[in-house]
Amino acid sequence: MSVTATLVWAWTGEVDRSGLSPDGGPVATEVPVTSRPTAYRQTSSLLPATPTATFTGNLGRRPRIRPNLIGDGVGRRSHAGLPAGAASSRRHCRLGQKLVPTCGVLWGVAPGARTEEHGFEALVDFERKTGRHQAVYHAYHHGIRQLFPTPQEIAIARQPGRERVLLLNWKPESVSWARIARGDRRTDEFLDELAWHLRRNYREPFFFAIHHEAEDQVRERPGSGYTARDYAAMFRHVVKRLRAHGANNVVTVLIHMAYVPHTTKRWFSHMYPGDDVVDWIGFDTYSYSDPGYGHGDFAELLNRRSSLTPRWPGFYNWVGTHHPDKPLMVAEWGVWFSKRNPGHMAEFYREVGQQIRYFPAIRAMVHFETPANQKGQDSSVDSTPAALREYRRLGRLPVFQVALR
């Protein structure tokens, strides 16, 4: 299939894809109180420097990896970009500041998306079939009617002996980005209550994404309220407001869609809110089993390119060039299964294990598990016995073993 003739829509959905309730759990009641501002003291972030790696790749064709010597961020050099401590079988990997692992890669899931079985039940089922504990639990929220984390999410995070880090997505829907940035009253009241809720009920550090995959809603029209700069200003306002009211356990994640026709727009870099309010950079990306757009190995997934925009280096390389000090999260990933090419899923999982060492900036990977997205595509890791076997093997690799305590 011609690459230049095929650029299909690659969006995977938004908040609504988790099915019934936006957070993947039962609806919790808001706490009807008013927050009292408290002083916020920002802690310094000891993030590893993660220089870019050099890879080539294109749509519909597997990339060729060119191993080279890349700094590991602590003054040493390692072959093919292998980060210091990646061989976690020889070192105890644990969480550091801003939830950045001291070595290795956090392993997680958004389970049971767009199904009746979601939240804790879906998580238990996923852990059972994959044979390992998930370090990160991913859930979705939207609007200003429900505080989070919900009681169920708190229970998931604090399950005795199986503690987890929460990754919570929030999409503000009541007003435009520009109005939120200017201090929309209702949104500010919600943020103040959210900060109060966190101080009272959940003080553990957690990942917080603000309107992930926002590129799809950018409207570069003056006065639209949804320009790229409006998004950046909204993101800043939300973070600053929460911090000003004492929500100092929020670890912010800027999550991009990583869709090439968006990432190559002139306005794309204008979406960045600033180093002081962004702790991690994340992106959502999927592998397609059938030849064409998005068909390739793990390196292609991370550095997807298009012959129509040859100057775009791929998302991983772009982050390494523009934001080399930020840890990188694959916030949603998976393989869309196809009966016409059923072996691709298992092959892809094998390649993740073989190639992860070439991408030292990646410090977290969170699978998006659904039997059917809005297009009917299936990312279930047990789509075939071989796929499940390879995914289980992948999860047992030393690089994905990070202790939360």
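What follows is a tour in that order.

First, some housekeeping: this is a predicted model, in which local features need pLDDT of at least 70 and side-chain atom pairs count only at pLDDT 80 or more, while totals for chains, interfaces and linings use all residues. Residues are numbered from 1 along each chain as its sequence is written, and side-chain values use heavy atoms, with hydrogens and water left out.

Start with the barrel. Eight strands close up in the order E3-E4-E5-E6-E7-E8-E9-E10, with parallel pairing. Strands here are DSSP runs of E with at least two residues, helices are runs of H or I with at least four, and both are numbered from the N terminus; two strands pair if DSSP finds at least two bridges between them. On average, neighbouring strands of the sheet are turned by 30° against each other, direction ignored. Axes are lines fitted to C-alpha atoms, for helices over the stretch in contact, and angles run from 0 to 180 degrees between N-to-C directions.

Now zoom in on E8, residues 280–288. Strand E7 (residues 250–256) runs parallel to E8 and is joined to it by four bridges. Is E8 buried or exposed? Nine of its nine residues are buried, so E8 is largely enclosed by the rest of the structure. Buried means under 20% relative accessible area, exposed over 50%, and partly exposed in between, with a 1.4 Å probe and protein chains only. Trp280, Gly282, Asp284, Tyr286 and Tyr288 point one way from E8, while Ile281, Phe283, Thr285 and Ser287 point the other way.

Next, the helices. H5 (residues 228–244) lies across E5, E6 and E7, running at about 145° to E6. H10 (residues 385–395) packs on the sheet too, touching E3, E9 and E10, and its direction makes about 140° with that of E3.

Then the charges. The whole structure holds 18 salt bridges, each being a side-chain nitrogen of Lys or Arg within 4 Å of a carboxyl oxygen of Asp or Glu. One of them joins Glu127 and Arg164 (3.0 Å, N to O), with Glu127 in helix H1 and Arg164 in the loop between H2 and E5, 37 residues apart. Both are buried, and Glu127, Arg162 and Arg164 are linked in a salt-bridge network. Glu369 and Lys129 meet at 2.7 Å, N to O. Glu369 sits in the loop between E10 and H10 and Lys129 in helix H1, so this pair ties together parts 240 residues apart in sequence.

Finally, the nonpolar cores, meaning sets of buried Ala, Val, Leu, Ile, Met, Phe, Trp, Tyr and Cys residues joined through side-chain atoms within 4.5 Å. The largest has 81 residues, and those with the most contacts inside it are Phe298, Phe315, Trp333, Tyr349, Ile362 and Met365. H5 gives the most to this core, with seven residues. Apart from it lies another core of 21 residues, including Leu95 and Val253.

How values were computed. Contact means heavy atoms within 4.5 Å.
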